[in-house]
Amino acid sequence: MYTNEGGTIVERYPDRYIAVMPIAIETMPMCHYYPRETFLQASGIGCTFSCGGCISETVALHAEAVSGALKHIPPDALIRRAREEGCRGIAFCLNDPTAMHRTFLAVARAARDAGLLVGCATNGYYTEEALHDLAPAIDFVNIGLKGASDARYRACGAVSAEPAFRAVKTLHEAGVHVEVSCIYARGYDDEIRAVAARIADISPDIPLLVMRFIPFGDESPEREPTIAESERICDDLRRTLRYVYLFNSPGTGYLDTVCPSCGERVVGREFFGPMGARTIAVPPDARCSCGFSLPVLGSIGKTPYAEPGMMGGYRFTRALEMVHAVLVCLGVESDADLARIWTGVIKDDYIRDLHGKIQTIDGYIGLVRELGERSGRPEAAEALAAYIGDRVAAVSSAVEGYPRPRVYYSMGTPLFALNADRFEMDLVEAAGGDPVNRRIVRAGKPGVNITPEEFAAFNPEYIFISGFLSAPASDYLTACRRMGLSADAIEHGRVYTLPPGWDFGNPRWVLGLSAIAGTLHPACAAFDLAAEEDRFYRTFYGAEASIRTGNRSFYRP
């Protein structure tokens, strides 16, 4: 990301951004800083680390592939955009600002001069000299730690953990508002406990945002801990730090802030997409009813900013990966072709409208054809569209005229319901079910927390758990019993988890359609799923279905 020009180190892409958009600060994410306020997200490309399973892989590790989509925006124009959008400040995130250090410093100083707040999400791998320049220029930071040991940092291509912890200490002591994120993968309990201990030595009030590991890229699905396992480790960490939050876990109560004095819930949050949260309840002064004042800095917005579609935070990278998933099925293999298509998709602002295209079966088929034109593979797109259309027709014909059982679709935990207009509801209807989620009038990303009373009123006969951020059916049923939830589906054990990509984000949802239909209507829709899966893999991946790995990347077979 840097080069040598005449003996001077310079950025390769100064003042250039892949995405600039307003976000709620919790999308960055930050939990204790200006809750519900709007900031302008500024994202470049590149990173100084190379971490397995990186959610920002597209823009961080494939910088060359997307560099053609960069837009030149000088500091004054970025500040003008923040003001026009009604933002409190500017937040650099998605890629790491260490890969564009001088650009970030220039923006930070100009923003400060203009009366705007400025901060970033970073791995914190700074030299002492760089920290000396950074500390007086920023107001807030989320430092993403990789663990507490040198071994964890060597796995990311770095040397040791010390520079990152030095950054936490230096910036905290300089008066910068610091929050810390750390990935929690299965088998790394001692690692994250050591992180909490080292943070507590600096200040037990620094919030720790635990990121449940989601296996993207080449990462093994065995490394993904369940939500229940992640909640148990958070219980341990809360004995060391006062404020510990669990992300990537839809429906968890561990996103809430609990008063350290009396144990009452003071701030309520819900899952709001990968690595993000949304504040749904907070006292105007961030003070508990017992009188304890939470260490929350800044004003509190009345309502959170509603980010449109796939825009904002790490949802942007998921949108690019959904495009990639279709392109793989169309035979796009070369990095050069992928780079060209990605560049066009980003430059044309195609991502902004993508969300609407992927919410219905007909819309998705239209998306396949559009990407066929963009990739120069209209025949391959037509073959995929025809395959999907034939399977949808076969399923719809098989279930026609049969009673439609009540189906509830959730993600992760029982009380996190997918939105009424999500693609999964179209799948359920095509498979001969009645999606009770259609009766939920409010919406989040990708859903909302519901009450036990709402769940009871739905009384679903079947429950499906999203294949994207999932949970074992056994954990799900245990959670239902713990919460005192009852329904026909629970009584009869009709709770099902679909494989990743079988219900959203990948053309393999056509397999999930058959699986749902066969579950709801075994007498008339008993499809041979193994044969259907093998046919799909041979036709669109050129390989047998046995290559399936089951991680959470949309684009991987």
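**Entry 1: salt bridges**

I am working from a predicted model. I counted salt bridges first, and the total came to 33.

I then took some of them one at a time. Arg81 pairs with Glu85, with 3.0 Å between the closest N and O atoms. I looked up how open the two residues are. Arg81 has a relative accessible area of 25%, so I logged Arg81 as partly exposed. Glu85 is at 35%, which also falls in the partly exposed class.

Next I checked Glu370, which forms a salt bridge with Lys357 at 3.4 Å between the closest N and O atoms. I asked what this pair ties together. Glu370 belongs to helix H13 (residues 361–375) and Lys357 to helix H12 (residues 350–357), so the bridge joins parts that are 13 residues apart in sequence. Glu370 is partly exposed, at 31% relative accessible area.

I also looked at Glu544 and Arg538, whose side chains meet in a salt bridge of 3.4 Å, N to O. Glu544 is partly exposed at 41%. Arg538 is partly exposed as well, at 47% relative accessibility.

**Entry 2: helix H19**

I compared the length of helix H19 (residues 509–520) with expectation.

Is H19 enclosed or open? Ten of its twelve residues are buried, so I recorded H19 as largely enclosed by the rest of the structure. Buried here means under 20% relative accessible area. The buried residues are Trp509, Val510, Leu511, Gly512, Leu513, Ser514, Ala515, Ile516, Ala517 and Leu520.

I then looked for what covers them. The cover includes the helices H13, H14 (378–399), H15 (423–430) and H20 (529–540). Strands E16 (406–410) and E20 (462–465) are also among the covering elements. H13 is the helix that holds Glu370 from the first entry.

**Entry 3: helices H7 and H8**

I looked up how helix H7 (residues 162–173) packs on helix H8 (residues 189–202). The angle is about 30 degrees and the axes are 10 Å apart. Angles under 35 degrees count as roughly parallel, so I put H7 down as roughly parallel to H8. The crossing of H7 past H8 is right-handed.

For the contact itself, I listed the residues on each side. H7 contributes Glu162, Phe165, Val168, Lys169 and His172. In H8 they meet Val195, Arg198, Ile199 and Ile202.

Terms used:
Residues numbered from 1 in each chain as written. Predicted model: local features only at pLDDT ≥ 70, side-chain atom pairs only at ≥ 80, totals over all residues. Heavy atoms only, no water. Salt bridge = Lys/Arg side-chain N within 4 Å of Asp/Glu carboxyl O. Buried < 20%, exposed > 50% of the residue type's maximum accessible area, 1.4 Å probe, protein only. Helix = DSSP H or I, 4+ residues; strand = E, 2+ residues; numbered from the N terminus. Contact = heavy atoms within 4.5 Å. Axes fitted to C-alpha atoms, helices over the stretch in contact; angles between N-to-C directions. Parallel < 35°, antiparallel > 145°, perpendicular 65-115°, else oblique. Left-handed = near helix turned anticlockwise from the far one by under 90°.
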